[in-house]
Amino acid sequence: MERWNLADEKCYTMPSVLHAVALDTNRRAYARKTVKMTTPDNQENSRFSDVRRAARLSVAPMMDWTDRHCRYLHRLLSHQALLYTEMVTSPALVRGGALHLLDHSPEEHPVALQLGGSDPQELGAAAKIGAQAGYDEINLNCGCPSDRVQSGAFGAILMQSPDLVADCVAAMRAEVAVEVTVKCRIGVDEQEPRDILPVFLEKIQAVGCQRVTIHARKAWLKGLSPKENRDIPPLDYALVHEMKTAFPDLHISINGGIATLDAARAQLDQGLDGVMVGRAAYHQPSDILSEADAVIFGSGVPRNPFEVVEQMLPYIERELSKGARLHQISRHMLGLFAGRPGARAWRRMLSEGANRPSAGPDLVQQALAQVTRQAIAV
Ligand SMILES: Cc1cc2nc3c(=O)[nH]c(=O)nc-3n(C[C@H](O)[C@H](O)[C@H](O)COP(=O)(O)O)c2cc1C
């Protein structure tokens, strides 16, 4: 069975017109929005509403995964979903001057910067740097349970300090015109989520946070690794829905264990404002993102992963010419054909060959030719 329209394939030396038009439209749309950043409140609100609309479906912040190459790929698959950076710590930006962590392509918009930290003043300064770098939203991480993050007293441990989180949000909001949002858990350790989550949300809403993403499980700060903390504590979707009922004016996105576009759609149909997808979007980006514009946002055509690979080729060439290595980009593309004929050959060719110093777009084209042959043969 042929699952995609192979007739759409083109040689990458003849860049897709569709691609150029889409990216150009994207650039112009966001250039218009950038102007809005400096204009009065009502226009600022309309800018919020654009990003909020995008937040109906977002790709989660994931350290080491959602770097700028990954986000570029995801943007080709969905022109409308909201993309998050990996977490960047406020000390790294403010004290360490690690501004390269903010690098991103204009095509990535709408794109949100996630910050980690717990010092209000420093987070305010980091948020300002992020907004000046052009991010459409600044998000505060209150969900990451790793030891390194605990020792810096930020991430999920902040669920125990809602007043401090409110101070952080207020300090960040004071510095930026873009929306400041929070990503949190339902609680940590022995906390009772039904008691503490409403208090947490009330406090951040009181200082002007209007949008939150809730990872619908607790984090255990001792005894579970970050990876286990993404699987072992049970999911409580019902609690997130209860929060939407209790806080009707708060834009609430649900996160955790949502593995298909249908499941995401179902959450929206049940009254939530947004759905954030993490691992499934990374491992099966075509399944989650290629029909997202049509299914979640009601406009746009399904993207053909063959065409998306072709559209990646000029980007790869450009990045290699600036010193990147192929595997830094192609590692995010391994799942593009997951579950489809040729997926294994695609993964194998890219993962075996992309580390070679000379590897370039031609390797990707060869791998694509393999998938094409196998897709036609099925
Ligand atoms: C490799 C990896 C790195 C992650 N890094 C972050 C991070 O930097 N910030 C954050 O808030 N969450 C991080 N997360 C958690 C995800 O954002 C998300 O909350 C979690 O994976 C649950 O969603 P899912 O079941 O859709 O994957 C990470 C998850 C993974 C798999």
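Axes here are lines fitted to C-alpha atoms, for helices over the stretch in contact, and angles run from 0 to 180 degrees between N-to-C directions. Helices (H or I, at least four residues) and strands (E, at least two) are DSSP runs, numbered from the N terminus. This is a predicted model: local features need pLDDT of at least 70, side-chain atom pairs count only at pLDDT 80 or more, and totals for chains, interfaces and linings use all residues. Residue numbers start from 1 along each chain as its sequence is written.

**View 1. Packing of helix α16 on helix α17.** Residues 343-353 form α16 and residues 361-377 form α17; they pack at an angle of about 165°, with their axes 8 Å apart. The two are therefore roughly antiparallel (angles over 145 degrees). Their crossing is right-handed, meaning that the near helix is turned clockwise from the far one by less than a right angle. From α16, the contact takes A345, W346, M349, L350 and G353; from α17, it takes L363, Q366, A367, Q370, V371 and Q374. Contact requires C-beta atoms, placed from the backbone, within 7 Å. By class, this contact has seven nonpolar, four polar and no charged residues. Nonpolar covers Ala, Val, Leu, Ile, Met, Phe, Trp, Tyr, Cys and Pro; charged covers Asp, Glu, Lys and Arg; the others, Gly among them, are polar.

**View 2. Packing of helix α3 on helix α14.** Helix α3 (residues 68-77) packs on α14 (residues 305-321) at about 140°, with axes 10 Å apart. Y72, L73, L76 and L77 of α3 meet V308, Q311, M312 and Y315 of α14. The contact divides into seven nonpolar, one polar and no charged residues.

**View 3. The shell around the ligand.** There are 23 residues around the ligand; A60, M62, M87, G278 and R279 come nearest. Near means a C-beta atom, placed from the backbone, within 6 Å. β2 (82-89) and α11 (279-283) each supply at least two shell residues. The shell holds 10 nonpolar, eight polar and five charged residues.

View 4. Most residues other than glycine have a negative phi, and most peptide bonds are trans. The H109 to P110 bond is cis, with omega near -5°. D64 has a positive phi, near 75°.

Key:
Parallel < 35°, antiparallel > 145°, perpendicular 65-115°, else oblique. Contact = placed C-beta atoms within 7 Å.
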